[in-house]
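Here are some notes for a colleague who is coming to this structure for the first time.

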Amino acid sequence: MSDSLLDVRNLCVEFAAEPHPTLAVDDISFQLQRGQTLGIVGESGSGKSVTALAIMGLLAETARTPTGEIWFRNETVPVNLLALPERDRRMFRGGYIGMVFQEPTTALNPVYSIGFQITEAIRQHQDVSPADARRQAIARLQEVKVLPADDAIAEDLRPNHPNASERELKRFINERKRGILDRYPHELSGGQLQRVTIAMAISCNPALLIADEPTTALDVTVQKAILELLAELALARSMATIFISHDLGVIAEVADTVAVMWRGNIVEIGAIADIFTRPQHPYTRGLLACRPRLDCDVEYLPTVSDFMTVDRDNNGNAVVTAKPTDQSGDRQTVGRSRRSEQPFRAEAIAPLLSVTDLCVGYPLKGRIGGKRNYFDAVNGVTFEVFPGETLGLVGESGCGKSTLARALLRLIETRSGQIVFEERDISHLKGASLRRLRRKLQIVFQSPFSSLNQRQSIGSAIAEPLAIHKLYGNAKQRRDRVAYVLERVGLDPDWMPRYPHEFSGGQRQRICIARALALNPRLVVCDESVSALDVSVQAQVLNLLKELQAEFELTYIFISHDLSVVKFMSDRIAVMNRGRFEEIGPADNIYHQPQSDYTRKLITSIPTGEQRLATRS
């Protein structure tokens with residue numbers, strides 16, 4: 001028997017399906033030592049999360065484990081978790097093994113305070129009083145830095161209570177702590193919510209923490225703080241960690257060992273430096289090449305299909321064939337020709353979109369001097385976008401990126417300022433004039449699943465705007481147009497009768513792009529349109545957007561919190577912070593010669609793992 005904390009042996013997980021069960025995890029084995037961090041990386045559907053759920057004992061009722069063992073060493077006695085009855089399994093789940101899920105808003109119950117939820121987890125596994133549980137909850141919140149330490153709270157309170165006695169100050173400190181415990185999930189930011197879920201996961205001092213995509217939906221700065229927090233907790237507690245992600249940059253920052261999963265199999269496992277600098281499997285090489293690079297300009301992002309082909313043998317098993325390295329790597333090094341602001345102006349091209357001193361505000365409660373009080377999400381923004389250009393818009397959540405995009409498309413009203421599109425002021429258009437304008441202004445949203453009607457076939461969803469704007473004469477011509485745009489985004493026109501749930505995430509995003517292109521728009525806003533996609537699917541969609549831009553002469557406003565993606569796509573970049581532009585300029589200048597401290601902060605927060613890999617090579 002191994003001395004490892006966790007020893008997974010020949011694990012298989014399958015789901016009931018007709019006519020044959022679906023094998024989600026196929027005979028995988030790995031070990032994890034105390035204090036070690038194992039990164040599991042792969043595309044959606046590769047089996048990463050199913051593996052984690054099997055360890056936790058949280059598989060769906062339709063799942064079963066026909067073979068395999070999961071040995072967990074609790075103190076000195078190893079236990080096969082798969083052989084335990086459910087009642088005994090609960091002692092390990094949450095007690096000895098904690099888990100941080102990807103989406104904190106769904107992991108937390110919105111009708112209970114965060115204090116109640118953390119103390120409930122503590123009392124489930126420890127025989128303590130409610131008061132002791134609350135004290136432990138406060139300690140955990142301070143450990144994950146949702147709540148400052150007592151000294152920091154006291155220092156914050158003293159200016160407002162200079163004459164308070166120590167006893168009064170202690171009472172104020174306790175009131176501040178209770179105030180945090182009594183908050184509900186909707187009262188906290190995304191980063192704070194993820195810290196709360198981490199506090200819950202470590203509340204019973206687990207020996208193993210499983211983090212399943214815990215930073216995917218977070219800004220780079222918040223992501224960096226969460227990664228540093230998890231590393232500090234693992235070191236301070238000698239806690240083993242399984243970190244699941246499709247982002248190789250994140251894995252490079254946190255993992256000691258990496259397991260690469262593909263179609264339920266671990267195709268490669270090894271030390272972090274070996275996997276990243278000397279990958280052996282073509283799938284691993286493809287994943288590493290898919291990431292947009294900050295150190296050079298490229299015209300094309302390689303995809304996994306550039307590195308390998310997949311065939312079937314006589315038994316129906318997948319057979320991988322690696323493509324020659326020189327064949328798969330050529331297009332990655334092609335330099336990109338960017339058009340910056342200066343050439344546009346030198347050619348005297350009139351801007352397609354011109355925005356002057358734009359303000360967008362949301363009303364707040366109360367009045368000041370008899371006037372309505374507003375929170376300005378966009379505050380005095382001025383810029384231009386030229387035909388055929390891609391303007392990247394980058395910044396943290398809450399900086400005003402999406403609000404600005406919706407204001408430009410006239411989806412929300414502005415407080416002041418001017419929006420000129422095709423030399424026409426559209427700031428106050430209404431009714432039929434505004435509807436006609438929408439033909440030329442389209443948007444691709446972040447979540448393709450929620451932006452498609454689940455009861456409407458994709459063919460109908462794409463044809464609907466054509467019918468609304470009375471384009472292409474009749475139903476047959478509209479159907480031909482739908483077939484054309486589907487083909488252009490790499491989808492089979494015969495799939496028109498299918499519904500959104502029948503497609504993968506990357507395919508659904510292609511459907512949304514096809515719908516936006518169906519009307520032949522002049523300007524397309526991509527609002528975090530690739531942030532939820534795997535790196536390989538993301539590369540495919542980014543390449544597609546560039547190809548379509550050249551074919552249809554599109555102009556893009558590309559919004560993201562990922563500066564590496566924005567740099568790949570953009571001619572110019574605008575960095576936004578607290579409703580204002582920190583700086584705007586050519587993409588290369590923004591990255592190599594940032595003028596703002598905020599921009600430098602964003603750049604240094606991008607997870608690449610380069611420094612860590614250099615020390616381990």
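1. Contact here means heavy atoms within 4.5 Å. In this predicted model, and leaving aside its neighbours within four places in sequence, Phe-558 is in contact with a set of residues that includes Thr-390, Leu-393, Cys-526, Val-530, Leu-542, Leu-545 and Met-569.

2. Phe-558 also belongs to the largest nonpolar core, which has 116 residues, and it is among the members that touch the most others, together with Leu-141, Ile-198, Val-258, Phe-276, Ile-513 and Leu-548. Helix H20 (residues 535–552) supplies the largest share of this core, 9 residues, and at least three residues come from each of domain 1 (111–203) and domain 2 (388–399 + 432–615).

3. An open sheet of mixed pairing is formed by 6 strands in the order E7-E8-E9-E3-E10-E11. Strand E7 (97–100) and strand E11 (265–271) each have a single partner strand, so one side of each is left without a neighbour in the sheet. From one strand to the next, the twist averages 15°.

4. Within the sheet, strand E3 (residues 37–41) and strand E9 (residues 240–245) run parallel and are joined by 5 bridges, with Thr-37 standing opposite Thr-241 in E9. Helix H1 (residues 48–56) packs on the sheet, where it touches E3, E7, E8, E9 and E10, and its direction makes about 145° with that of E7. Helix H8 (residues 190–201) likewise packs on the sheet, touching E7 and E8, and its direction makes about 170° with that of E7.

Technical notes:
Residues are numbered from 1 along each chain as its sequence is written. This is a predicted model: local features need pLDDT of at least 70, side-chain atom pairs count only at pLDDT 80 or more; totals for chains, interfaces and linings use all residues. Side-chain values use heavy atoms; hydrogens and water are left out. A nonpolar core is a set of buried Ala, Val, Leu, Ile, Met, Phe, Trp, Tyr and Cys residues joined through side-chain atoms within 4.5 Å. Buried means under 20% relative accessible area, exposed over 50%, partly exposed in between (1.4 Å probe, protein chains only). Helices (H or I, at least four residues) and strands (E, at least two) are DSSP runs, numbered from the N terminus. Domain bounds come from an automatic or database domain assignment. Two strands pair if DSSP finds at least two bridges between them. Axes are lines fitted to C-alpha atoms, for helices over the stretch in contact, and angles run from 0 to 180 degrees between N-to-C directions.
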